[in-house]
Amino acid sequence: MKKKVLMLAAKANMIQQFNHRNIKILQNLGYEVHIATNMVDFGSMSAEENERFKQWMIDNDVIDHQIDFERRIGSLKGNIRSIKQLRKLFKEIDFTFVHVHSPLGSVLGRLVAKRFKVPAIYTAHGFHFFKGGPKSGWLVFYPLEWAFSFITDTLITINDEDYEVAKKHMHAKNIVKINGIGVDVEQAWRVTDEEKLIARRNVRKELDIPENAFVISSVGELSNRKNHKVVLEALKIMCAKQRENIYYIIAGTGDNGKMLNELAASFNFKNHFKLLGYRSDIRDINFASNIVIFPSFQEGLGVSGLETVINGSYLIGSDVRGIKDYILDGSFGDTFNPRNAKQLEKLIKNKVNTSNLNTELNKRQLLQFDVKIIDNVMKEIYQNMKSMW
């Protein structure tokens, strides 16, 4: 009989976006993989993508379990309900270990795993406390992470700052740093200039954007944390003449769409501003853009920003933990204070005539983010858990 392992996150998007390859690694090691998450309130992906993920699990023999996790840190009543559901699951199935993700999922998952003496791996996709972050993060999440680190067998961090904090303050038996979920660097570099040009033309034609326009793009949930608002504020600072040939497009879904449209309309930019919704062709959108802006207040690593530089596009990103890990120097991009629209406005104007190809010399530094390296580390982590039994 196969040994069973549980992949757990509060929302299905966390599994869908970050754990396909981890699931296949576990299966190749001989495990039967189960998933515990909320497939009804599934997080920041489209309903269509959620359905595709469900079908992917069926096609790949992954067993899913609905747990009614709430959003953010949840309510007392909701968390008690989720704990009861998890306890029932752990009673029915003898898991070899559990791999937990997301703040809420990781806390409740490790709590129940401890009760059933099941070892736990926890991937911190960016601690919710960080340098320059709000005090509430340090007051609420730091004590939680510190306390639960005592019942964590392996803590995985995905950026330099979190790793240093974990090594200094956390008490997991094993603390590891990986460079995010990995990007297929070598495959991205095989895309020819002609293919990039075709993608550029196709996307611009689809969106009715002129060939000679200067296109800025962003990728991410339309939320306060992703902070797309600051890009519009920077464009608003410019005079009308300076921005007459600039377009700004955002790929993502969320609650802030109406606010962003109203802000664009407030300085007669609405016809040059496009919300694209969920897109599966982010690489082509990168190729269609002159620059990409990643203005988040907070990121673990920020995969879409990393993919931008891997794809050869110029990135302007927030000077925050995670993002600055791969904006290694001026050949890849610039950083700015995500609260400073004036600083961003100057960077945009400076880059209006910048080529969106990075230098060959510095591209080698990006190999540390390649999927093969990340997958080898994850395989070793899983094998170490397997050797415990």
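**Structural briefing**

Strand E11 (residues 291–294) and strand E12 (residues 314–318) pair in the parallel sense over 4 bridges. Isoleucine 293 has isoleucine 316 in E12 as its bridge partner. The model described here is predicted.

**The sheet**

- An open sheet is formed by 6 strands in the order E10-E9-E8-E11-E12-E13, and the pairing is parallel.
- Strand E10 (273–277) and strand E13 (333–336) are the edge strands, each pairing on one side only.
- On average, neighbouring strands of this sheet are turned by 20° against each other, direction ignored.
- Helix H14 (residues 341–350) packs on the sheet and touches strand E8 (214–219), E11, E12 and E13. The direction of H14 makes about 165° with that of E13.

**Helices H10 and H11**

- Helix H10 (residues 229–237) and helix H11 (residues 257–266) have axes that come within 10 Å and cross at roughly 5°. The two helices, H10 and H11, are therefore roughly parallel to each other.
- Lys229, Leu232, Glu233 and Lys236 in H10 meet Met259, Leu260, Leu263, Ala264 and Ser266 in H11.
- This contact of H10 with H11 has 5 nonpolar, 1 polar and 3 charged residues.

**The second largest pocket**

- The volume of the second largest pocket is about 210 Å³.
- Residues lining this pocket include Arg110, Lys114, Pro119, Phe150, Asp153 and Lys173.
- Helix H5 (residues 103–115) supplies the largest share of the lining, 3 residues.
- By class, the lining of the second largest pocket divides into 6 nonpolar, 1 polar and 5 charged residues.

Conventions
Residues numbered from 1 in each chain as written. Predicted model: local features only at pLDDT ≥ 70, side-chain atom pairs only at ≥ 80, totals over all residues. Heavy atoms only, no water. 1 Å grid on protein atoms, 1.4 Å probe; cavity = no way out; pocket = protein on both sides within 12 Å on 5 of 7 lines; lining within 4 Å. Points joined across faces, edges and corners; volume = space filled by probe spheres on them. Nonpolar A, V, L, I, M, F, W, Y, C, P; charged D, E, K, R; others polar. Axes fitted to C-alpha atoms, helices over the stretch in contact; angles between N-to-C directions. Parallel < 35°, antiparallel > 145°, perpendicular 65-115°, else oblique. Contact = heavy atoms within 4.5 Å. Pairing = 2+ DSSP bridges.
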